[in-house]
Amino acid sequence: RPCVNPEGVEYGLQGRHRMKLSQLGSGEPYPLTTNLLTTNVAGPATMAFFRYEVAVLVWAVVLLLVWLGFAFFVSMDLLTLGTRNASTPQLLCAVVAWGRKRQMELVWTKVSWLVFAYLFSFLGAIAY
């Protein structure tokens, strides 16, 4: 397509260049390895946002690892409950009966994980 407004394009490119974040003093752009948790690149709100993101990621990873620890040390059935297929009505009845029995046997694990998740979330929110 032919350019019909080269002055407008140049003005827009200059404005875009002025809006790019650059290091104070040198004018160079920040490297991709800049730690946005501790380096004030675009104001304190940006640092707070990235600190929040790290806190959410740590929270999710800890809860997942605790759940996988329960599954590994207590029973791998925690990962398969509710996912078994049944090809016949009789097999479906057997799978549902087995699932109900295992669920009731493992309910203490789920309650323990929920108590941990609640306490970890509450204390983590206070610490944050």
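What follows is an account of the salt bridges and then of the aromatic contacts in this predicted model.

Side chains of opposite charge can pair when their charged atoms come close. In this model the count of such salt bridges comes to three. One of them joins Arg102 and Asp77, with a distance of 2.7 Å from N to O. This pair links distant parts of the chain, since Arg102 belongs to helix H4 (residues 89-105) and Asp77 to helix H3 (residues 77-80), 25 residues apart. Arg102 has a relative accessible area of 17% and therefore counts as buried, the limit being under 20%. Asp77, with a relative accessible area of 18%, is likewise buried.

Arg102 also takes part in a salt bridge with Glu105, at 2.5 Å from N to O. Glu105 in turn forms a salt bridge with Lys101, where the closest N and O atoms are 3.1 Å apart. Lys101 and Glu105 are four residues apart in helix H4 and are therefore also separated by about one helical turn. Lys101 counts as exposed because its relative accessibility of 53% is over 50%, while Glu105, with a relative accessible area of 33%, is partly exposed. Taken together, Asp77, Lys101, Arg102 and Glu105 are linked in a network of salt bridges.

The aromatic residues form a second set of contacts. A pair of aromatic rings is described by the distance of the centres and the angle of the planes. The model contains five aromatic pairs. Among them is the pair of Phe49 and Phe50, whose ring centres lie 5.4 Å apart; their planes meet at 75°, and because this angle is over 60 degrees the pair is edge-to-face. Phe49 is partly exposed, with a relative accessible area of 44%, and Phe50 is partly exposed as well, with a value of 29%.

Another of these pairs consists of Trp67 and Trp113, with ring centres 5.6 Å apart and planes at 75°, so this pair too is edge-to-face. Trp67 lies in helix H2 (residues 44-73) and Trp113 in helix H5 (residues 107-127), so the pair ties together parts that are 46 residues apart in sequence. Trp67, at 19% relative accessibility, counts as buried.

One further contact brings a charge and a ring together: Arg84 lies over the face of Trp98, at 4.0 Å from the ring centre.

Conventions: Residues are numbered from 1 along each chain as its sequence is written. This is a predicted model: local features need pLDDT of at least 70, side-chain atom pairs count only at pLDDT 80 or more; totals for chains, interfaces and linings use all residues. Side-chain values use heavy atoms; hydrogens and water are left out. A salt bridge is a side-chain nitrogen of Lys or Arg within 4 Å of a carboxyl oxygen of Asp or Glu. Helices (H or I, at least four residues) and strands (E, at least two) are DSSP runs, numbered from the N terminus. Buried means under 20% relative accessible area, exposed over 50%, partly exposed in between (1.4 Å probe, protein chains only). Rings of Phe, Tyr and Trp (its six-membered ring) pair if their centres lie within 6.5 Å; planes under 30 degrees apart count as stacked, over 60 as edge-to-face and the rest as tilted. A charge sits over a ring if NZ of Lys or CZ of Arg is within 6 Å of the ring centre and within 35 degrees of the ring normal.
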